[in-house]
There are 2 protein chains.
Amino acid sequence: MQNYRIFIHIIYIMKNKTERLHAIKELITQQSIGNQDELLLLLKEKGYHLTQATLSRDLKQLKITKMPNDMGEYRYTLPHSMYSNNKPSETKIIGHNSLEFSGQLAVIKTRSGYAGGIAAEIDEHASDAILGTIAGDDTILIIPREGFNREEITAILSTVIENL
Amino acid sequence: MQNYRIFIHIIYIMKNKTERLHAIKELITQQSIGNQDELLLLLKEKGYHLTQATLSRDLKQLKITKMPNDMGEYRYTLPHSMYSNNKPSETKIIGHNSLEFSGQLAVIKTRSGYAGGIAAEIDEHASDAILGTIAGDDTILIIPREGFNREEITAILSTVIENL
DNA sequence: GAATAAAATGTATAATTTTGCAAAATTATA
DNA sequence: TATAATTTTGCAAAATTATACATTTTATTC
């Protein structure tokens, strides 16, 4: 009887829809999934219990679609795959400066007057990943090159800034 | 008998697959299409005779997918429609300056100190295609207007810069 | 806490899309 | 040309996905 109650509880925790949507996104990006039954199975393994109908509605809400890849197979993919690898942005502190992303762009906030100097350093030491920077007084706009994701950009900028 | 030969000729002209793929793309962008039968009908009106099976294969080749729009309806759309016309970005050299794209934005690197001047020229002579510019010391951020693709922006900027 | 409204889900089924296979059309080659 | 190789297509059926409707769950209001 006790076990039964615990079981119910676990189901309850897992059943949260938002969480499930997250799990779906994650599976879509990590695995190569060709149809909803396949995805359904993976979700079952992760403890989500739902039917194909619900999954169809979830995918609709997430705007996830079945797209042909270059090998002529249909695969589910997130919309605008260009930035799909990117986690939602969090502010990262590097020394006296903060770094945060928005869409394809990154912004660094510095102490007043420092933006120009730091931007120059970035231009000089990170030009393979950074297409260009524009500095105000305490703000630097960073335009990354295409093909670099947030993680990579963060790593490069951290190194540059820490070596000042 | 003569009529018969003409008829054959017309069919031949229309049946070209490449042309049909073009027509499909065009219809997809211009109209709001929710399923293949609908699209099939429009194609028939334009003189293309094919079955739904062939259409399915055409859409696969074009990587056109059925996507939910914001009103919760499924509509066929071109892949990443915003940038779909755009080739991957390469650096282009124009005089002493370089031009490269990242996502919706373009960046021009100039000789040190020239960014402001060149940006002013761009603002003055390319305002139909360029929404705005922001210049640092040697970097100009270009924000193109919507509806212009990279090729067009490149052409316009080249002209402006070469005429300095 | 009961009543009511709103949201989420399952079931069953309809709607839609994809595909194996064979035939037709097109292109390349001897 | 004729023939072989390749590509495209239609047909029919299988596979997949979306949805109407009923039910359950969750949130809200009194």
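Reply: Helices (H or I, at least four residues) and strands (E, at least two) are DSSP runs, numbered from the N terminus. Two strands pair if DSSP finds at least two bridges between them. Strand β1 (residues 65-68) of chain A and strand β2 (residues 74-77) of chain A are antiparallel partners, with 4 bridges. One of these bridges sets T65(A) against T77(A) in β2(A). The hairpin of β1(A) and β2(A) has 5 residues between the strands, and G72(A) there has a positive phi near 75°.

Me: Before we go on, where do the numbers and letters come from, and what kind of model is this?

Reply: This is a predicted model, in which local features need pLDDT of at least 70 and side-chain atom pairs count only at pLDDT 80 or more, while totals for chains, interfaces and linings use all residues. Residues are numbered from 1 along each chain as its sequence is written, chains are lettered from A and ligands numbered from 1 in the order in which they are written, and side-chain values use heavy atoms, with hydrogens and water left out.

Me: What holds strands together in a sheet, and what is the strand order of the open sheet in chain B?

Reply: Strands of a sheet pair through backbone hydrogen bonds, either parallel or antiparallel. In chain B, 5 strands make an open sheet in the order β3-β4-β5-β7-β6, and the pairing is antiparallel. At its edges are β3 (92-94) and β6 (130-135) of chain B, each of which pairs on one side only. From one strand to the next, the twist averages 25°.

Me: Which helix packs on that sheet?

Reply: Contact means heavy atoms within 4.5 Å. For directions, axes are lines fitted to C-alpha atoms, for helices over the stretch in contact, and angles run from 0 to 180 degrees between N-to-C directions. Helix α6 (residues 150-162) of chain B packs on the sheet and touches β3, β4, β5, β6 and β7 (139-144) of chain B. The direction of α6 makes about 160° with that of β4(B).

Me: How many bridges join β4 to β5 in chain B?

Reply: Strand β4 (residues 97-102) and strand β5 (residues 105-109) of chain B run antiparallel and are joined by 5 bridges. Along this pairing, F101(B) is opposite A106(B), and S98(B) is opposite K109(B). Their hairpin has 2 residues between the strands, and G103(B) in the turn has a positive phi of about 60°. On the other pairing, β3(B) and β4(B) are antiparallel over 3 bridges, with I94(B) and N97(B) as bridge partners. That hairpin too has its turn glycine: G95(B) has a positive phi near 60°, with 2 residues between the strands.

Me: Is β4(B) enclosed or open?

Reply: Buried means under 20% relative accessible area, exposed over 50%, and partly exposed in between (1.4 Å probe, protein chains only). In β4(B), 6 of the 6 residues are buried, so the strand is largely enclosed by the rest of the structure. N97(B), L99(B) and F101(B) point one way, whereas S98(B), E100(B) and S102(B) point the other way. In chain A, S98(A) is found in strand β4 (residues 97-102). S98(A) counts as buried because its relative accessibility is 16%. Leaving out residues up to four places away in sequence, S98(A) touches T91(A), K92(A), I93(A), V107(A), I108(A) and K109(A).
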